[in-house]
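This briefing concerns the aromatic rings of one protein model and the charged groups placed over them. Please view the sequence and structure below before reading on.

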Amino acid sequence: MPRGRPVTVLDVRALNRATLARQLLLDRAELPALDAVAHLGGLQAQEPQEPFTGLWSRLRGFEASELSGLLTGRRVVRAHLMRRTVHLVTADDLLAWRARHDAMLRQRVLGVYRREFTGIDLDELKLMGREVMSDGEPRSMGALARELAGRRPEPGQRALGEMLLAALIPVVQLPPRGVWRTKGGVRNALVASWLGRDVDPLPADGSDPVGRALVRRYLTAYGPAATADLRAWSGLAGLPAAVAAMRGELVSFRDERGRELLDLPGLPRPDAATPAPVRFLPAFDNAVLGYHDRGRVIDDAHRGLSVTGARMVLVDGRVAATWEFEDGAVAVTPLRRFSRAERAAVAEEGSALASFLSDRDSDRVRFDAS
């Protein structure tokens with residue numbers, strides 16, 4: 001940006017409306033589920049059924065069977081990726097992005113179990129784990145750890161399993177886990193065996209095309225945002241270099257605290273006065289977790305809800321209630337007093353959600369005391 005040109009300041013409400021638009025929460029999108037998963041850069045999915053609500057709230061006419069079919073058809077997969085959390089991502093994105101996350105995944109497991117891996121050659125451990133997994137037999141974390149414990153007994157089974165399957169070896173969690181209304185334990189298979197080829201290697205010349213791709217994809221679905229927000233979403237520390245390499249194609253803003261916010265030109269930044277509909281978010285939705293500064297969506301007083309797995313309701317674009325699905329009813333617990341119009345809008349959207357979650361057996365909503 002040329003020196004002397006005034007920088008546009010985006011207030012919290014303007015950032016809120018930009019986030020809602022990018023996250024497909026301002027207007028439900030006419031998109032296939034596969035395209036929505038790709039647009040969002042994946043959905044956090046350690047709770048296997050939550051992505052169904054996430055897509056229902058974002059897509060017009062979404063049917064749960066569509067996402068289940070993408071899982072069983074190997075078009076989308078469940079894998080440890082951003083922030084070392086399980087994400088539902090497209091198969092293409094996992095193949096392209098997984099190697100770029102390797103170092104972060106190792107460091108995050110070591111952050112928990114560093115003492116247990118003192119003196120252990122992790123590259124050797126990775127080869128041993130891949131050798132066992134190469135027979136094509138799906139395994140749980142515990143089963144793989146038990147098979148390797150005799151060869152490498154130093155770490156405990158939990159530490160060994162997490163290092164192997166959440167960091168060292170590119171694997172996917174197989175269906176039926178993650179299929180609609182289906183319970184299943186975690187069974188892991190090599191990416192190469194499930195998708196027919198291994199993950200893309202990092203370029204030998206030290207360039208970072210994946211880092212630049214991640215910056216573009218993040219800003220498309222989350223921008224305008226600070227580099228700290230990008231790091232909070234991805235868990236990757238090395239993306240400032242990718243941002244620096246892309247400076248010429250980015251536009252810059254400031255928030256009310258003076259932080260620089262980056263964005264791609266030409267993307268939606270709706271007027272702050274744009275009305276926002278009620279939306280029900282699943283647990284751990286990245287519309288909230290995908291930022292270091294979550295103030296554009298949730299008040300500081302309620303920020304803890306974003307990491308405890310609370311399902312949240314957006315009213316006028318902000319977290320204003322939590323919700324659960326119990327005995328065929330959507331139970332809403334307000335975090336503040338609702339106006340009559342707000343209560344009616346929450347009830348209407350909650351009734352539609354209850355119908356979706358119950359396979360149209362119920363449309364009941366109740367309001368619990370805050």
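Rings of Phe, Tyr and Trp (its six-membered ring) count as a pair if their centres lie within 6.5 Å; planes under 30 degrees apart are called stacked, those over 60 edge-to-face, and the rest tilted. By this definition, the structure holds 10 aromatic pairs. The model is predicted, so local features need pLDDT of at least 70 and side-chain atom pairs count only at pLDDT 80 or more, while totals for chains, interfaces and linings use all residues. Residues are numbered from 1 along each chain as its sequence is written, and side-chain values use heavy atoms, with hydrogens and water left out.

**Phe62 and Phe356**

- The rings of Phe62 and Phe356 form a tilted pair, 6.0 Å centre to centre with 45° between the planes.
- Phe62 lies in the loop between helix 3 (50–56) and helix 4 (64–72) and Phe356 in helix 14 (residues 340–357), so the pair ties together parts 294 residues apart in sequence; helices (H or I, at least four residues) are DSSP runs, numbered from the N terminus.
- Phe62 is buried, at 5% relative accessible area; buried means under 20%, with a 1.4 Å probe and protein chains only.
- Phe356 is also buried, at 10%.
- Phe52, Trp56, Phe62, Trp180 and Phe356 form one aromatic cluster.

**Charges over rings**

- A charge sits over a ring if NZ of Lys or CZ of Arg is within 6 Å of the ring centre and within 35 degrees of the ring normal.
- The charged end of Arg74 sits over the ring of Trp194, 3.5 Å from its centre.
- Arg311 has its charged end over the ring of Trp323, 5.4 Å from the centre.

How values were computed
Helices (H or I, at least four residues) and strands (E, at least two) are DSSP runs, numbered from the N terminus. Buried means under 20% relative accessible area, exposed over 50%, partly exposed in between (1.4 Å probe, protein chains only).
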